[in-house]
Amino acid sequence: AGELVVGGGTQETRVGELSVNGAVPDADLAWEVGVFGDTTEGWRETNFVDQSAASLITKWQPSRSNGLLFSALFSKIKQGDKLYPRYEIDDPASPDDRLDLELKDIELGYHYEASPGDDLLVYATWKENRSESRTLTDSYLAFPPALYVDTTNFTTFKQPNTQLQIQYMKKLASHQIITGVVNYDADINLKTIEQVDFVVRDTDPPTIVPAATTTLADNEVDVSFISIYIQDNWRISRSWHVEAAVYFDRMENASAANDISWTIEEINPRFGLIWTPDNRHTIRLAAFRYLLPFVSSRTDPTEVAGISIFRNATEGTQTEEIDIVWEYERSYGLYSLNLFTLESENQIDRVNFLNTRKRGGELGLDMLVSQSIGLFANIRFEDVENDFQPDYDRLDHFFTLGLKHQSSSGLSAGISQIFRYTDFDNAREDEEIPITDIELGYEFPDKIARIDLIVSNVFDEEFNWVVDNFAQRGRNPAREALLKATFNF
């Protein structure tokens, strides 16, 4: 069995994906292999992205109590223009900037079930991240009309790393105990060379005369992370559920750019409460402090009372967060309200810290208007302060409204309207961004194939969509259309 996806669209976009899976029942073995690739020249042609990946996953259960998992992944990404900012129409292009990324990942997992509710997990990972980048850091007109001085940084980066996780879970009456240890080790190699060139821009191609080359960094540093934790999930009654955990985290962090290292050692608690007074209402409370580890797969819980732990930050960031969520469920849909406050502290060397803060709320609705029509609506407000990017301190307002129709004949259609209003704290002009998206689809009988047309930013709005660690998903300030076909076999 498998799935094939092919498609194409505006901005020279092409997509392709193939996955094949199978099993050997007599050996209790299952497997899946996949390849993926897409390419686009980007909304202003210079900010292209080319991606490709191949993966393998196998699962083997030699006995009722034992299970093994093996996975391997290789992926490459090439992109042009600035990495950041990338979605702002008023930001000048940097057409010669480049970034090449490569990831290799091998993971091996073992699961032992001594009895129902009595489980041991062992998970080992090896990864290697590599990147090469070219970044224009300065350019000025030295002698009119066309002699410029350009400063460009060339950076190579490599980070091979290993991680071992051991986790034990035990069901004891109304309690579930989760305890474990995580150990991570990595070597970081960084080399940055600064090159200054004289560039005559009124020739085709421009005439480049190298002037000077300086090595800004050529360092190798070691980093590590160990975490020991214990968590109790206690089902007090049908209406009450309590989660409590404590983590001991120790991180040996470093700056490869400056060749300095420091130690972070913290005890981080977590507390969660779920109250379900009846079949329709649920109230969730989560309060926790969290040290963001080096990015890798984790087996320990990444939710507190069903609320995801914030992970969109720099490695080594210490975050304190409080969330209160109300959910009201009816037969036709779900209403939700979330209030949150989050403060983070990131140590950037032995003595200096950068802080971030976000507070706000979110109101959501997801319901069936009829048997074939769904309605979703969302209002989100955020007050953001970020020492990493103080120019983006802001009040952010997001409004989303959408309809989705699914016919029994296989036809489907959807439309959504997004409005983002950003009120910046500084003198930067505020942004008002309306975006309309539509989707049309048809699923063939017996689900043998499906065709989808997706049009984003239908009215070709131009805007400056700000992204940072609190708002990572960007929107392109140009119309995009993609037609894709999915075949199941």
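Guide: Buried means under 20% relative accessible area. Keep that cut-off in hand; this is a predicted model.

Visitor: Why is Gln11 called buried?

Guide: Its relative accessibility is 13%. The limit for buried is under 20%. So Gln11 counts as buried.

Visitor: Where is Gln11 found, and which residues does Gln11 touch?

Guide: Gln11 sits in the loop between β1 (2–9) and β2 (13–24). Leaving out residues up to four places away in sequence, Gln11 touches Thr40, Glu41, Gly42, Trp43, Ala478, Arg479 and Glu480.

Visitor: What makes Ala72 partly exposed?

Guide: Ala72 has a relative accessible area of 23%. Partly exposed lies between the buried limit, under 20%, and the exposed limit, over 50%. Ala72 therefore counts as partly exposed.

Visitor: Which strand holds Ala72, and what does Ala72 touch?

Guide: Ala72 belongs to strand β5 (residues 66–80). Its contacts, not counting residues up to four places away in sequence, are Ala54, Ser55, Leu56, Asp105 and Ile106. His281 is 209 residues from Ala72 along the chain, and their C-alpha atoms are separated by 42 Å.

Visitor: Why is Trp240 called partly exposed?

Guide: The value for Trp240 is 34%. Buried needs under 20% and exposed needs over 50%. Trp240 is therefore partly exposed. This residue lies in strand β11 (residues 240–255).

Visitor: How many helices and strands does the protein chain have?

Guide: The count is 0 helices and 24 strands.

Visitor: Why is the protein chain called as compact as a globular protein of that length?

Guide: Its radius of gyration is 26 Å. The globule rule gives 23 Å for 489 residues. The two values are close, so the chain is as compact as a globular protein of that length. Its C-alpha atoms fill a box of roughly 80 × 55 × 55 Å along the principal axes.

Visitor: How much of the chain is buried, and what is its accessible surface?

Guide: Buried residues make up 38% of the 489 residues. The accessible surface comes to about 25700 Å², and 58% of it belongs to carbon and sulfur atoms.

Notes: Residues numbered from 1 in each chain as written. Predicted model: local features only at pLDDT ≥ 70, side-chain atom pairs only at ≥ 80, totals over all residues. Heavy atoms only, no water. Helix = DSSP H or I, 4+ residues; strand = E, 2+ residues; numbered from the N terminus. Buried < 20%, exposed > 50% of the residue type's maximum accessible area, 1.4 Å probe, protein only. Contact = heavy atoms within 4.5 Å. Rg over C-alpha atoms; globule rule 2.2 N^0.38 Å. Areas by Shrake-Rupley, 256 points an atom, 1.4 Å probe, with all protein chains shown as cover.
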